[in-house]
Amino acid sequence: MKKEIVILCIGSSQITGDSVGPMVGDLLKEKGVRAYVYGTMSRPVNAKNLEDYIGMIKEHHTGSLVMVVDATVGEEGDIGEIRINRNGVKPGGAVNKDLPRVGDIGILGVVAKRSNNLVNALMGVDALLVRKIARRISSLIVSTLGA
């Protein structure tokens, strides 16, 4: 029996650099990916509602493989990279929020250089860079899972 797949796209539609997740969510829904997708530009998953979504996923998608998409910061040479890890994502770290680790697989788009003022750094990210990263992530997911 195949495991159900859930894709949790975390971020804010209000801050350009933090919108990778919701933008990926929109693209995955448009492409009809074979997975449950939560988090879009019109219904983002963010610090305010993340724990509600975690609870809902545990209740309605028990035993599912949970992939989490989010934006992250890194070194200047890392901007534009996509990072994949096997232990989910600890969202909010870039802006000093203590949120729970979530997911089985983390897919992170590096959008800005780590700095002392990360909110300003994320607000100053070029929307074209975010779109490019979101398109690449969504294409990788669709090519892996199908539509």
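Me: Helices are DSSP runs of H or I with at least four residues, and strands are DSSP runs of E with at least two, numbered from the N terminus. In what order do the 5 strands of the open sheet stand?

Reply: This is a predicted model, in which local features need pLDDT of at least 70, side-chain atom pairs count only at pLDDT 80 or more, and totals for chains, interfaces and linings use all residues. Two strands pair if DSSP finds at least two bridges between them. The pairing here is mixed, and the order is β2-β1-β3-β5-β4.

Me: Which strands stand at the edges of this sheet?

Reply: An edge strand has a single partner, so one side of it is left without a neighbour in the sheet. The strands in this position are β2 and β4 (82-85).

Me: Which residue of β3 stands opposite V6?

Reply: Strands β1 and β3 run parallel and are joined by 5 bridges. Opposite V6 stands the β3 residue V66.

Me: At about what angle to β1 does α2 run?

Reply: Axes are lines fitted to C-alpha atoms, for helices over the stretch in contact, and angles between N-to-C directions run from 0 to 180 degrees. Contact means heavy atoms within 4.5 Å. Helix α2 lies across β1, β2 and β3, and its angle to β1 is about 175°.

Me: Within what arc do the buried residues of α2 fall?

Reply: Buried means under 20% relative accessible area, exposed over 50%, and partly exposed in between, with a 1.4 Å probe and protein chains only. In α2 (residues 50-60), L50, Y53, I54, M56 and I57 are buried. They line one face of the helix, because the directions from its axis to their C-beta atoms fall within an arc of 165°.

Me: Which exposed residues does the other face of α2 carry, turned away from the buried side?

Reply: The cover of the buried residues includes β1 (5-9), β2 (36-38) and β3 (65-74). The face turned away from the buried side carries E51, D52, K58 and E59.

Me: How far does the backbone oxygen of M41 lie from a polar atom of the S13 side chain?

Reply: S13 is in the loop between β1 and α1 (20-31). Its relative accessible area is 27%, so S13 is partly exposed. Leaving aside neighbours within four places in sequence, S13 is in contact with S19, M41 and P44. From a polar atom of the S13 side chain, the backbone oxygen of M41 lies at 3.5 Å.

Terms used
Residues numbered from 1 in each chain as written. Heavy atoms only, no water. Polar contact = N/O pair within 3.5 Å; in protein donor to acceptor, adjacent residues only side chain to side chain.
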